Amino acid sequence: MSLLVALQFLTRLPLPAGLPIAGPALGRALGWFPLVGALLGAVLAAADWALSHALPRGLVDVLLLALLALLTGGLHLDGFMDTCDGLFSLRSPEERLAIFRDSRVGSFGVVGLTTLLLLQWAALGALPSAHRAGCLIVALATARWAMVYAIVAFPYGRAEGLGRVFKDQAGPHALLVATALGALIAGGVLGGVGLVTLALAALIAWLFARYCLGRLPGLTGDTYGALNELVQTLLLVLLPPLLRGQGAG
Amino acid sequence: MALPFFPAVGLLLGALLAAGEWALRPLLAPTVVSALLVAALVVLTGALHLDGLVDTCDALCLNAAPAERLALMHDSRARDPGAIAACLLLLGKFAAILLLPETVRTSALLVAPLVGRWANVAAYWGYPYARRTPGASLALKQGATRARMLAATAFTCGGLLLVLGPAGGLVLLGAAALTHLVACLSRQRLGGLTGDVYGAITELVEAATLVLVPLAVGAYES
């Protein structure tokens, strides 16, 4: 039930019933975030396997990025763009929050998006062939765990909003469940390296949250999405050297 | 009436691309040539169709009634879905051109804009128009007769047959399928097509053709 709520919020997968995004079910849904990430990663891995039979790697990687944007409805990319627009503008914290609400894209958002997608594309192309599926599953699962950590551990910046609803229902219990599930997925798929990615994600989330809190009264739904994109991208970049290190050691 | 000549304009664009590629190849790295060709297409068309893609994605993704979606298309500023689509399309074209196998490089560059403009004509002819307000697109739509569609199709088929042989038929089939898909989505969400949607179709089919040509000929190494 709460897994369905998490799926409905984080993906555009066709689901049976429109569940209300409200109440204690939301708190429990947070615990499932890493599993939703792993599921998205598995869908990408399956598409990767199928498309690689017909198309060269560089093209498959563009299609995977497009598929992920469609599967998530661009939810986190939206947040990343709004966050770039808000955080890089030289305004007061309150004006920055107002920029987050503007549905149009500013210059910083376009620059951020272009840079992010180019980096994601390059990182996908550099993943070791033997571990592509594992890297996709772990990077997406761990990125969604990082959102749960940020939601539970850091103050929220608005009186209302979609993020507020999650924040109000989020307790240490949700983080505990998500961490156990995230460790199970990351460790199960990539072993010791998987657990290292979880620690890295925590570090990235902590640094990013400190940075945001210096510029905003608190975190918002947009910054959660931005964090998801950041962690996902940096893990895709860092996983190949980590896996090589493990192979050598 | 300009519509039947769209594919001819496409072929001219394709010839410019192929000539540019041929001239720059000995001088520059393949990645640079590919990026320059993507830029050349944007500049040569004045980003006309790319703008349509951005507006179309913004409008189709808007959670509102069809009338509000149509109104949003007139907003010249981009939103998140349009920005994401434009970035991915440009990246996709870059990757597609960079990874064109040697054997089909010239022919794919030559026919991609041609097939893209044929899809534009086909969409004008085959699907209802969503607006009633006068404008360039409505004028083109009213002139999209069966005879003009046939003329454009005959020209496109001739070009494809000349450049690719029978495999050109597969490319045209793929282009028609993609056009139909976008047109159906647009009818469902907007009640019809608009000038922006025709542009979006042109961009998507042009990019897809760069991949369909090597696929149809079986040129990608497995």
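This is a predicted model: local features need pLDDT of at least 70, side-chain atom pairs count only at pLDDT 80 or more; totals for chains, interfaces and linings use all residues.
With 25 C-beta neighbours inside 10 Å, Pro214(B) counts as buried, a label given when 20 or more other C-beta atoms, placed from the backbone, lie within 10 Å of a residue's own, with exposed for 12 or fewer and partly exposed in between. Residues are numbered from 1 along each chain as its sequence is written, while chains are lettered from A and ligands numbered from 1 in the order in which they are written.

Let us stay with Pro214(B) for a moment. This proline lies in helix H10 of chain B; helices (H or I, at least four residues) and strands (E, at least two) are DSSP runs, numbered from the N terminus. Not counting residues up to four places away in sequence, Pro214(B) touches Leu100(B), Pro101(B), Val104(B), Ala108(B), Ala219(B) and Tyr220(B). Contact here puts the two C-beta atoms, placed from the backbone, within 7 Å.

Gln120(A) sits in helix H6 (residues 107-125) of chain A, and its contacts, leaving aside neighbours within four places in sequence, are Leu65(A), Thr233(A) and Leu236(A).

| C-alpha pair | Apart along the chain | Separation |
|---|---|---|
| Pro214(B) and Glu102(B) | 112 residues | 9.9 Å |
| Gln120(A) and Leu235(A) | 115 residues | 10.0 Å |

Stepping back to chain A as a whole, its secondary structure comes to eleven helices and zero strands. Its radius of gyration, taken over C-alpha atoms, is 17 Å, close to the 18 Å of the globule rule (2.2 Å times the number of residues to the power 0.38) for 249 residues, so chain A is as compact as a globular protein of that length. The C-alpha atoms of chain A fill a box of roughly 50 × 40 × 40 Å along the principal axes. Of its 249 residues, 49% count as buried. Among contacts in chain A between residues at least 6 apart in sequence, 79% join residues at least 24 apart.

Which helix of chain B gives the largest share of the side that touches chain A? The contact takes 18 residues from chain B and 21 residues from chain A. On the chain B side, helix H5 (80-98) and helix H10 (195-217) each supply at least two residues, and H5(B) gives the largest share, eleven residues. That side divides into 14 nonpolar, one polar and three charged residues, where Ala, Val, Leu, Ile, Met, Phe, Trp, Tyr, Cys and Pro count as nonpolar, Asp, Glu, Lys and Arg as charged, and the others, Gly among them, as polar.

Within chain B, helix H1 (residues 6-24) and helix H8 (residues 146-164) pack at an angle of about 30°, with their axes 8 Å apart. That makes H1(B) roughly parallel to H8(B), a term for angles under 35 degrees, with over 145 roughly antiparallel, 65 to 115 roughly perpendicular and the rest oblique. Phe6(B), Pro7(B), Ala8(B) and Leu11(B) in H1(B) meet Ala152(B), Phe155(B), Thr156(B) and Gly159(B) in H8(B).

As for confidence, the model scores ipTM 0.93 and pTM 0.94.

Key
Axes are lines fitted to C-alpha atoms, for helices over the stretch in contact, and angles run from 0 to 180 degrees between N-to-C directions.
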